[in-house]
Amino acid sequence: MPDPKWRVEVDGATPTEWAEMLDLFNDASIYQTWSYGRVRWDEENLSHVVLKRDGEPIAIAQLRIVRPTSLKFGVAYLRWGPLCERRGRAPSPEIAMAMAQALEEEYVHKRKLFLRILPNAFGGSPRAALIQSGFSKFTPEPLVPENTYRTFLLDLAPDLADLRKKLDVKWRNQLTRSEKNNLEVIAGHGREEYRSFCEIYYQMLKRKGFETTVDIEEFGRIQEDLPERHRMYVLIAKNGGIPVAGLIASAMGDSAIYLLGATSDLGLQSKGAYVLHWKLIEWLKAKGIRWYDLGGIDPEKNPGVYHFKEGFSGTDVSQINPLVIYESAVSFAMAKAGLAVQQALRGPSGPSRLARAIKHLATRN
């Protein structure tokens with residue numbers, strides 16, 4: 001560390017302490033919550049780093065550790081981190097550099113792991129410049145479809161009237177039509193709201209007949225495990241008392257992420273998705289959230305969703321290149337093999353959740 005007042009603590013925080021530290025950072029997200037890691041990867045595979053100065057947390061990171069044996073090789077994955085931007089403080093290149101050093105020392109030199117980082121930073125932003133400067137010793141991976149996260153990012157700083165004016169004309173007209181349908185909108189983060197969303201989602205899967213890598217049951221377990229203040233926000237539109245459209249988003253730090261959406265046949269007719277997104281924007285503004293990440297776009301594979309999200313008039317952005325560093329040849333080989341497996345699972349032979357969805361509907365009807 002550059003100063004004796006700096007200290008690195010590894011795997012010493014409790015889940016409660018970790019949740020409290022997340023609240024300190026602008027760049028926090030659901031992907032760095034203990035609950036997301038515990039449900040997605042199992043608690044025994046998590047590792048937590050806290051960089052402190054004068055006893056105060058100034059940067060943190062949750063990593064997934066993959067080690068097939070007790071020998072010193074494997075992979076450490078850091079998704080949407082590290083968190084280096086304390087609320088109310090100017091970003092510090094010194095902190096980013098110190099965190100890069102701490103991560104390299106713990107996982108590369110001490111544990112002999114291949115370290116791969118997917119920063120929570122979009123190209124061209126001040127946060128991206130901060131990470132790229134602090135992690136200059138790391139090697140940027142070439143951007144390919146498998147590791148590129150592209151989205152529309154909506155700046156929520158303007159007032160609601162201006163945000164509405166900036167909407168694409170066709171999108172704004174659809175919103176007006178939706179509002180005239182007098183849909184009832186309920187919102188919350190409890191079991192009832194999430195269960196209503198799942199029903200709409202399974203109906204949509206059955207209607208469209210497509211495969212998806214999204215596991216909404218897993219998201220449901222994450223929701224149950226999260227502290228109440230960090231739970232995902234669920235909005236449901238009802239038409240005549242029947243749920244017809246749903247939306248799930250996570251709001252942490254200075255940003256919100258659109259995670260899941262679903263619409264029934266009736267919801268399509270009543271344009272439920274438009275009013276739900278607008279209600280969400282109103283709620284985010286009230287919470288003081290600055291940015292709304294519309295959750296990923298692919299104009300070639302999913303042009304319909306792309307054009308819907310384009311209507312918000314946000315900025316088309318992509319996350320910066322993943323960053324890697326290693327010294328173990330065995331860990332490097334394991335990381336490359338793991339990437340090949342992930343790419344294979346994304347292909348046509350990957351696991352299908354359509355059958356599960358249909359089975360779920362059959363057992364409930």
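Strands here are DSSP runs of E with at least two residues, and helices are runs of H or I with at least four residues, both numbered from the N terminus. You're looking at a predicted model, where local features need pLDDT of at least 70, side-chain atom pairs count only at pLDDT 80 or more, and totals for chains, interfaces and linings use all residues. Residues are numbered from 1 along each chain as its sequence is written, and side-chain values use heavy atoms, with hydrogens and water left out.

**Exercise 1.** Work out where histidine 48 sits and what its side chain meets.

Step 1: find the element; histidine 48 belongs to strand S2 (residues 46-53).
Step 2: check exposure, where buried means under 20% relative accessible area, exposed over 50%, and partly exposed in between (1.4 Å probe, protein chains only). At 4%, histidine 48 is buried.
Step 3: look for a polar contact, meaning a pair of N or O atoms within 3.5 Å; within protein, one must be able to donate a hydrogen and the other to accept it, and residues adjacent in sequence count only if both atoms are side-chain atoms. The histidine 48 side chain has one with the side chain of glutamine 62, at 2.8 Å.

**Exercise 2.** Is each partner in the salt bridge of lysine 137 and glutamate 104 buried or exposed?

Step 1: locate the bridge, which spans 3.3 Å from N to O. Lysine 137 lies in the loop between H4 and strand S6 (139-140) and glutamate 104 in helix H3, so parts 33 residues apart in sequence are tied together.
Step 2: read the areas. Lysine 137 is exposed at 60%, whereas glutamate 104 is buried at 9%.

**Exercise 3.** Trace the network that includes arginine 111.

Step 1: start with the salt bridge from arginine 111 to glutamate 106, whose closest N and O atoms are 2.9 Å apart.
Step 2: note that both of these residues are buried.
Step 3: follow the shared partners, and Asp11, Glu106, Lys110 and Arg111 join into one network.

Conventions. Salt bridge = Lys/Arg side-chain N within 4 Å of Asp/Glu carboxyl O.
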